[in-house]
Amino acid sequence: MLLHHLDQGQGRPLVILHGLFGTLDNWQTLARRWATEAGLRVISVDLRNHGRSFHNPEHTYAVMAQDVLALFDHLQLGPDTTLMGHSMGGKVAMRLALDHPERLARLIVVDIAPRFSDMEHQDDILEGLHAVDLAAITNRQEADTALAQYVGNLGTRQFLLKNLYRKEDNSFAWRINLEVLAAQLPAVGEATIGEPFLKPALFIRGGKSNYITTDDKLHGIPALFPNSEVATVVDAGHWVHAEKPEEVFGLVKTFALS
């Protein structure tokens, strides 16, 4: 089964992978700019169990990397491709880079390190999503009210509620495969290991985020990605691209065209 994707622009390919509970829509404002202003061919992807891509009970980095590789084959992407991923998508991107370095020219990872990631902080989000009674709600505000009891941050709730949609019978449903993601959450925190990726890699971290630490920058990242640099976006948290789009636009444009 092929991943749902959006292909726009012409030039060197840039493939974008979203994070946990996200969709390709999260990156569309920047994707359009990279396609129109930077002259890149931008392929935005919905990973399995997310967005409009297929649902499957298996949710590991090995199978997600194979999904992306199958999309590379389908689109006949050459070795001049830049692969970029945010958070969970960043670990998918790292997995593919380590397993198939010949398929990429360069790698961009947004606010995630290759080490194990503790996923306990996602428990409140999962409880909140489960608390939304899809059979009872009649509008998005009711869903937000139910979710707000578990997720206080409005921006996070708005991000999560992008997954809510109306079916043909006018009832609500989640685009994410909520049950599988809840069951497989420990696998989402899995560390990335393998033989080093020797090609250029850019790690973009939020200055207010703890997903990439000083130790990651000095030891963990260079051990697997020796030809890498870490760029810090000041005053940004984990959703760097949403909080500081201009900075991320420039960093990615410069690196992808280098």
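Visitor: Which radius of gyration does the chain have, and how many residues does the globule rule take in?
Guide: Please keep in mind that this is a predicted model. The chain has 11 helices and 9 strands. For its 258 residues the globule rule gives 18 Å, and the chain is as compact as a globular protein of that length because its own radius of gyration is close to that, at 18 Å.

Visitor: What share of the residues in the chain counts as buried?
Guide: Along the principal axes, the C-alpha atoms fill a box of roughly 50 × 35 × 35 Å. Of contacts between residues at least 6 apart in sequence, 75% join residues at least 24 apart. Among the 258 residues of the chain, the buried share is 54%.

Visitor: Are H2 and H3 roughly parallel or roughly perpendicular to each other?
Guide: A pair of packed helices is described by the angle between their axes and the distance between the axes. Helix H2 (residues 61-75) packs on helix H3 (residues 88-99) with the axes 9 Å apart and an angle of about 75°. Angles of 65 to 115 degrees count as roughly perpendicular, and H2 and H3 are therefore roughly perpendicular.

Visitor: How many nonpolar residues does the contact of H2 with H3 have?
Guide: From H2, the residues that meet H3 include Met 64, Val 68 and Leu 69, and on the H3 side Met 88, Val 92 and Leu 96 are among the partners. By class, the contact of H2 with H3 has no polar residues, 2 charged and 9 nonpolar.

Visitor: What about H1 and H11: is their crossing left-handed or right-handed?
Guide: The axes of helix H1 (residues 28-36) and helix H11 (residues 245-256) come within 11 Å and cross at roughly 40°, so the two helices are oblique to each other. Leu 30, Arg 33 and Trp 34 in H1 meet residues of H11 including Phe 249 and Val 252. The crossing of H1 and H11 is right-handed.

Visitor: Is Gly 19 buried or exposed?
Guide: Gly 19 sits in the loop between strand E2 (13-17) and H1. Leaving aside neighbours within four places in sequence, Gly 19 is in contact with His 50, His 86, Ser 87, Met 88 and Gly 89. Buried means under 20% relative accessible area, and with a value of 8%, Gly 19 is buried.

Definitions and conventions
Residues are numbered from 1 along each chain as its sequence is written. This is a predicted model: local features need pLDDT of at least 70, side-chain atom pairs count only at pLDDT 80 or more; totals for chains, interfaces and linings use all residues. Side-chain values use heavy atoms; hydrogens and water are left out. Axes are lines fitted to C-alpha atoms, for helices over the stretch in contact, and angles run from 0 to 180 degrees between N-to-C directions. Helices (H or I, at least four residues) and strands (E, at least two) are DSSP runs, numbered from the N terminus. Angles under 35 degrees count as roughly parallel, over 145 as roughly antiparallel, 65 to 115 as roughly perpendicular and the rest as oblique. A crossing is left-handed if the near helix is turned anticlockwise from the far one by less than a right angle, and right-handed if clockwise. Contact means heavy atoms within 4.5 Å. The radius of gyration is taken over C-alpha atoms; the globule rule is 2.2 Å times the number of residues to the power 0.38. Buried means under 20% relative accessible area, exposed over 50%, partly exposed in between (1.4 Å probe, protein chains only). Ala, Val, Leu, Ile, Met, Phe, Trp, Tyr, Cys and Pro count as nonpolar, Asp, Glu, Lys and Arg as charged, and the others, Gly among them, as polar.
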